[in-house]
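Reader: I would like a close look at one part of this model. Please keep it brisk.

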Amino acid sequence: MDFDLFMERYGYKILFALFGLVLLAIFGTLGLYAYTVFKLFGFFAGGLLLLLGIVYAFTAGRRILDAQAKAHAKYFYDDRRRR
């Protein structure tokens with residue numbers, strides 16, 4: 001079996017499986033973190049802590065990452081035209 005035939009038969013299935021494993025690892029890690037917080041602090045306090053973390057990640061955390069990206073772009077990206 002040559003490479004083209006192999007990719008035609010199995011390529012998308014392999015890529016789909018790898019993509020699924022990556023997503024499973026990401027969501028599994030988040031789920032394990034949430035389970036640990038709920039088990040450690042209880043349902044109410046753990047839920048409050050997770051909610052606070054999510055709100056922070058989408059507000060202040062995003063602004064911090066934006067500021068860091070702009071600072072790096074200022075020093076590491078040269079927007080002058082090439083000669």
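Where is the place of Arg 9?

Author: Arg 9 has its place in helix 1. First, some ground rules. This is a predicted model, in which local features need pLDDT of at least 70, side-chain atom pairs count only at pLDDT 80 or more, and totals for chains, interfaces and linings use all residues. Residues are numbered from 1 along each chain as its sequence is written, and side-chain values use heavy atoms, with hydrogens and water left out.

Now the helix. Helix 1 covers residues 3-41. Helices here are DSSP runs (H or I, at least four residues), numbered from the N terminus.

How open are its residues? Arg 9 counts as partly exposed because its relative accessibility is 47%. Ala 25 also lies in helix 1. Ala 25 is partly exposed, at 46%.

Other residues of the helix are exposed. Tyr 12 lies in helix 1. Tyr 12 counts as exposed, at 69% relative accessibility. Leu 32 is in helix 1, and Leu 32 is exposed, with 56%. Lys 39 is found in helix 1. Lys 39 is exposed too, at 64%.

Next, distances between C-alpha atoms. Leu 32 and Tyr 12 are 20 residues apart in sequence and 29 Å apart in space. Arg 9 and Gln 68 are 59 residues apart along the chain, and 45 Å separates them. Ala 25 and Gly 47 are 22 residues apart in sequence and 22 Å apart in space. Lys 39 and Gly 61 are 22 residues apart along the chain, with a separation of 25 Å.

Then there is the neighbour. Helix 2 spans residues 43-58. The axes of helix 1 and helix 2 come within 7 Å and cross at roughly 135°. Therefore helix 1 is oblique to helix 2. Axes are lines fitted to C-alpha atoms, for helices over the stretch in contact, and angles run from 0 to 180 degrees between N-to-C directions. Angles under 35 degrees count as roughly parallel, over 145 as roughly antiparallel, 65 to 115 as roughly perpendicular and the rest as oblique.

Methods:
Helices (H or I, at least four residues) and strands (E, at least two) are DSSP runs, numbered from the N terminus. Buried means under 20% relative accessible area, exposed over 50%, partly exposed in between (1.4 Å probe, protein chains only).
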